[in-house]
Amino acid sequence: MRNPLQEQLLKAGLVKKDKAAKIVRDQAKQRQGKAPAAPAEDQVDARRLQAERAERDRALAAERNAEARAREIRAQVRQIVETTRVKREGDLPYRFPDGDKIASVFVNENLRAQLASGALVVARLGDGYELIPRGPADKIHARSPETIVLDHGRKEGAAAPSEEEVDDYYKQFVVPDDLIW
């Protein structure tokens, strides 16, 4: 179906019949939407806003998940301390550093010896302190190391010297060949 202008151009001989047919086909394709249409500016803005909203939602979800995981770890540590704490008895104060202050718990001689040897550990529970055995203390240390206040069994920052370092140290001491034990 041609428009009147195309009919007049054909009658005047200015346009060939096949050229006019090609133009008609191209116009029909455009009307049917087969030609790629450029995205509208409002669609681009909507996609950008949707992407920003999705990114913000992901960030909020990650933050909520991190907070939930921290609450879960605190609950696990509290449960471990409450279920494994050793009953404190005695009237001897055992003093230890807790940050910038010196804290103390009252223990007997047996508990004092276990604390000094590292068999017992002092852990913070709320505003107070509890004595817990070595095994649960290691579990707590893996989850929340700041909960453990005093641990003589674990040396922080001091790595065990390797065998080569030990051997190098003892090379400076000469042992005579005729030494008899």
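Two residues are in contact here when they have heavy atoms within 4.5 Å of each other. With that in hand, here is a first look at the chain, which is a predicted model. Among contacts between residues at least 6 apart in sequence, 43% link residues at least 24 apart.

**The overall picture**

The chain has 181 residues, and 19% of them count as buried. Its accessible surface comes to about 14400 Å², with 52% of that belonging to carbon and sulfur atoms. You'll find six helices and five strands, and reading along the sequence gives the pattern α-α-α-β-β-α-β-β-α-β-α.

**The strands**

Let's start with E1 and E2. These two strands pair in the antiparallel sense over seven bridges, and Pro97 sits opposite Ile102 of E2. Their hairpin has two residues between the strands, and Gly99 there takes a positive phi near 70°.

Next comes an open sheet of three strands, in the order E4-E3-E5, with antiparallel pairing. Strands E4 (128–133) and E5 (148–150) are the edges, each pairing on one side only. From one strand to the next, the twist averages 45°. E3 (residues 120–125) and E4 run antiparallel and are joined by six bridges, with Leu120 standing opposite Pro133 in E4.

**Helices across the sheet**

Two helices lie across strands of this sheet, as the table shows.

| Helix | Residues | Lies across | Angle |
|---|---|---|---|
| H4 | residues 109–117 | E3 and E4 | about 95° to E3 |
| H5 | residues 134–143 | E3, E4 and E5 | about 115° to E4 |

The two ends of H4 are worth a look. At its start, a side-chain oxygen of Asn108 reaches to within 3.2 Å of the backbone nitrogen of Asn110. After H4 comes Gly118, whose phi is positive, near 95°.

**What's inside**

The largest nonpolar core has 13 residues, and Phe96 and Val122 have the most contacts inside it. Strand E1 (92–98), strand E2 (101–107), H4, E3, E4 and E5 each give two or more residues to this core. E2 supplies the largest share, three residues.

Which residues does Val122 touch, leaving aside its neighbours within four places in sequence? Val122 is in contact with Phe96, Leu115, Tyr129, Glu130, Leu131, Thr147, Ile148, Val149 and Leu150. There is also a second, separate core of eleven residues, which includes Val81, Val121, Ala123 and Leu125.

**A closer look at Asp98**

Asp98 is found in strand E1. Is Asp98 buried or exposed? The cut-off for buried is under 20% relative accessible area. Asp98 has a relative accessible area of 11%, so Asp98 counts as buried.

What does the side chain of Asp98 join up with through a polar contact? The partner is the side chain of Arg124, at 2.4 Å. Not counting residues up to four places away in sequence, Asp98 touches Ala103, Arg124, Tyr129 and Val149. Tyr129 and Val149 also turn up among the contacts of Val122.

Technical notes
Residues are numbered from 1 along each chain as its sequence is written. This is a predicted model: local features need pLDDT of at least 70, side-chain atom pairs count only at pLDDT 80 or more; totals for chains, interfaces and linings use all residues. Side-chain values use heavy atoms; hydrogens and water are left out. Two strands pair if DSSP finds at least two bridges between them. Helices (H or I, at least four residues) and strands (E, at least two) are DSSP runs, numbered from the N terminus. Axes are lines fitted to C-alpha atoms, for helices over the stretch in contact, and angles run from 0 to 180 degrees between N-to-C directions. A nonpolar core is a set of buried Ala, Val, Leu, Ile, Met, Phe, Trp, Tyr and Cys residues joined through side-chain atoms within 4.5 Å. Buried means under 20% relative accessible area, exposed over 50%, partly exposed in between (1.4 Å probe, protein chains only). A polar contact is a pair of N or O atoms within 3.5 Å; within protein, one must be able to donate a hydrogen and the other to accept it, and residues adjacent in sequence count only if both atoms are side-chain atoms. Accessible areas come from the Shrake-Rupley method with a 1.4 Å probe; for residues, only the protein chains shown count as cover.
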